[in-house]
Amino acid sequence: MNREQGATAGIDRSRPAADPPRSRRPGALGWALIAVGVLVILVLIAPLVLNAVRPDALPGTVLTGVREAGEGVGSDGSGVDVGGLDGDELDAAVQDIAAERLDEEVVVEWEAPPGAARGDAERTFTAGELGYAIDVDETTERIRRPGSQANPLTALRQHYDVWRNGIEVEVVDTFDDERVAASAEAMAEEFSLEPVEGEVTLEGTSVSRTDPETGAELDSAGLAQDLADAALTPGAATISAVVEALETDTTVADVDAGVEAAEAAVDGDIVLSRGDGEIRLSPETIGEIFDVQRDGSDFTLMMDTDELGAEIDEDVIEAIERDPISSDITLEGGAIQISDSRVGFAFDLDAAAAQVEAIATGQDDEREQELDVEIIEPERSREEAEALGIDTVISEFTTEFTPGQPRADNIRLIADMVDGVVLEPGETFSVNDHVGPRTEEKGFQADGTIIDGELVDRVGGGVSQFATTMYNAIYFGGYEFIEFRPHSYYISRYPPGREATLSYGSIDLAFRNNSPHGLLIDTSHTAESVTVRIWSTPWVEVESETGERTRRRAGETIDGFDITVTRILRFPDGTVEREPVSTRYQPSDQ
């Protein structure tokens, strides 16, 4: 008996025997679960495997924004294919791309306005100079990032997308606004131009000119924006700076006119003459006294009057000037003679300056002229003298004296001093004012004169007889007495109540020509008499009435009395005026 059987005998046979064992195989469900598990394992393991074997830049990776649109690869043609680059190779590629972008040129064209001092110009900048930069590290990191995410499903999907469609990575760049603004301002400062006005200069006979130049102003803010846009856009660029023309007030034609005027001013001498004087200004002198000044667009020759005055000698002025001559009214050969008058000349610097300026500026074509001067009118022109109507003796009076005495000489002397006096209508005449003190220096002598009722010797004694003679000529001429006084004692050689005395400083004989005509005082004398005539035009009829002597008072030598004399004036219009004058003579025992 074998071991199996022996062993079996010991078993409780009351229990049924067990079924024989069957083979264990997975079913359909088991196989499905196994497949899912394998797939999960593959999904989880695949990114790890792919990351372990992938390059830094997945195949199909394009770095965009680094080429001019249409000149590169990618959806907009601005990219560079960096797919499959790994490690240092990728770093070097990004650095090269960045260097190329920073070296791209931006050309600024400056078109000069017509008439500007500077011509057209241009200035070239690089994108880097304008403040553009690429962040190489960040850009490289952005290239490496696709497919390396921690989420395996996302990483696997990106690997699939890159395998199927490729991927575009935008370059990481920066821009310095302050740098581009500084570049724009520097260019604006360099190329902006202040406008230059035209000028004309006259020195001596030399005329120089400065033609106007249009100014220019760059819009620095607008230029900065254009530069920034150009630097941020891949590819070379050319932009035109916005230039505003700054116009001048003057034009070349204005300068031409100013030069022509200045040259004409010094084109020959200017000669001004009057009488024996001549002012001759050479072209060099003209250039010294004139200056060209600009007012807006007009050029004007301006003269320095003081400079002109300094160029004229005193001798020339003296030769130019002359005194005026008044018309004299004299009595010659028993007839009134009226002499010619003439105007005088006084040098007038302002008038001469105006004349020189008119010639120099072309307002007057004649460069040789009679000098304009200040006209000095005579006190009386011939026409005025003739209009006075002095042509007839309208009154006269004569008194006699004893010849050979000092008083006779005094009478003749004062008569000569008054002879020829002319009074115009309204003027007054005073013997004392006209003759002045009677002194020996004037030729007067000492003789008897009544002073305070006593007869004393005094220089000029006897002139009262001339006063009486003149008083009566004035009286019958009808003129208005301003001042007179009769003697205190009656003197028989004079008409009573119609006489006058003189004493310088206290007693005067004065009258006013109240007629509408002029008058001339004509005096003459002989060894024994003196005569005063008034020449004029008759204007009033004069009569004289002498009253009776009253209140007589006896004196040993001269009786005293009162008397009234009345002057009667009959005017052409029929008016009659009566002028009574009462005189009281004192008696005298001398």
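Helices and strands here are DSSP runs, numbered from the N terminus. The model is predicted.

Q: How many helices and strands does the protein chain have?
A: The protein chain has 590 residues, and 39% of them are buried. Its DSSP runs come to 16 helices and 34 strands.

Q: Among contacts between residues at least 6 apart in sequence, what share joins residues at least 24 apart?
A: Start with the contacts in the protein chain between residues at least 6 apart in sequence. Then keep those that join residues at least 24 apart. The share is 68%.

Q: Which residue in E4 is the bridge partner of Val 106?
A: Strand E3 (residues 105-110) runs antiparallel to E4, and six bridges join them. Strands of a sheet pair through backbone hydrogen bonds, either parallel or antiparallel. In E4, the partner of Val 106 is Phe 125.

Q: Which residue in E9 is the bridge partner of Thr 201?
A: Strand E8 (residues 199-203) and strand E9 (residues 206-210) run antiparallel, joined by five bridges. They form a hairpin with two residues between them. Gly 204 in the turn has a positive phi of about 60°. The partner of Thr 201 is Ser 208.

Q: What should helix H8 span at 1.5 Å a residue?
A: Helix H8 (residues 252-265) has 14 residues. The expected span is 1.5 Å times one less than the number of residues.

Q: Within what arc do the buried residues of H8 fall?
A: The buried residues of H8 are Asp 254, Val 255, Gly 258, Val 259, Ala 262 and Ala 265. Seen down the helix axis, they line one face of H8, because they fall within an arc of 135°.

Q: Which residues are exposed on the other side of H8?
A: An α-helix has 3.6 residues a turn, so residues three or four places apart point the same way. The buried residues of H8 pack against elements including E8, E9, helix H9 (283-289) and helix H12 (349-360). On the other side, the exposed residues are Ala 253 and Glu 260.

Q: Is Ser 430 buried or exposed?
A: Ser 430 sits in strand E24 (residues 428-430). The cut-off for buried is under 20% relative accessible area. Ser 430 has 11% relative accessibility, so it counts as buried.

Q: Which backbone nitrogen does the side chain of Ser 430 reach?
A: Leaving aside neighbours within four places in sequence, Ser 430 is in contact with Asp 508, Leu 509 and Ala 510. Its side chain also reaches a backbone nitrogen at 3.1 Å. That nitrogen belongs to Asp 433.

Q: How far apart in space are Trp 539 and Pro 516, C-alpha to C-alpha?
A: Trp 539 lies in the loop between strand E30 (529-536) and strand E31 (541-546). Trp 539 counts as buried because its relative accessibility is 10%. In sequence, Trp 539 and Pro 516 are 23 residues apart. In space, the separation is 7.7 Å.

Q: Which residue has its backbone oxygen 3.2 Å from a polar atom of the side chain of Trp 539?
A: Not counting residues up to four places away in sequence, Trp 539 touches Ile 394, Tyr 479, His 517 and Phe 571, among others. The backbone oxygen at 3.2 Å belongs to Gly 477.

Q: What is the phi of Arg 551?
A: Arg 551 is found in strand E32 (residues 550-553). Arg 551 counts as exposed because its relative accessible area is 54%. Most residues other than glycine have a negative phi. In Arg 551, phi is positive, near 45°.

Q: Which residue in E33 is the bridge partner of Thr 550?
A: Two bridges join E32 to strand E33 (residues 560-570), and these strands run antiparallel. A hairpin links E32 to E33 through six residues. The partner of Thr 550 is Asp 562.

Notes: Residues are numbered from 1 along each chain as its sequence is written. This is a predicted model: local features need pLDDT of at least 70, side-chain atom pairs count only at pLDDT 80 or more; totals for chains, interfaces and linings use all residues. Side-chain values use heavy atoms; hydrogens and water are left out. Two strands pair if DSSP finds at least two bridges between them. Helices (H or I, at least four residues) and strands (E, at least two) are DSSP runs, numbered from the N terminus. Buried means under 20% relative accessible area, exposed over 50%, partly exposed in between (1.4 Å probe, protein chains only). The arc is that of the directions from the helix axis to the C-beta atoms. Contact means heavy atoms within 4.5 Å. A polar contact is a pair of N or O atoms within 3.5 Å; within protein, one must be able to donate a hydrogen and the other to accept it, and residues adjacent in sequence count only if both atoms are side-chain atoms.
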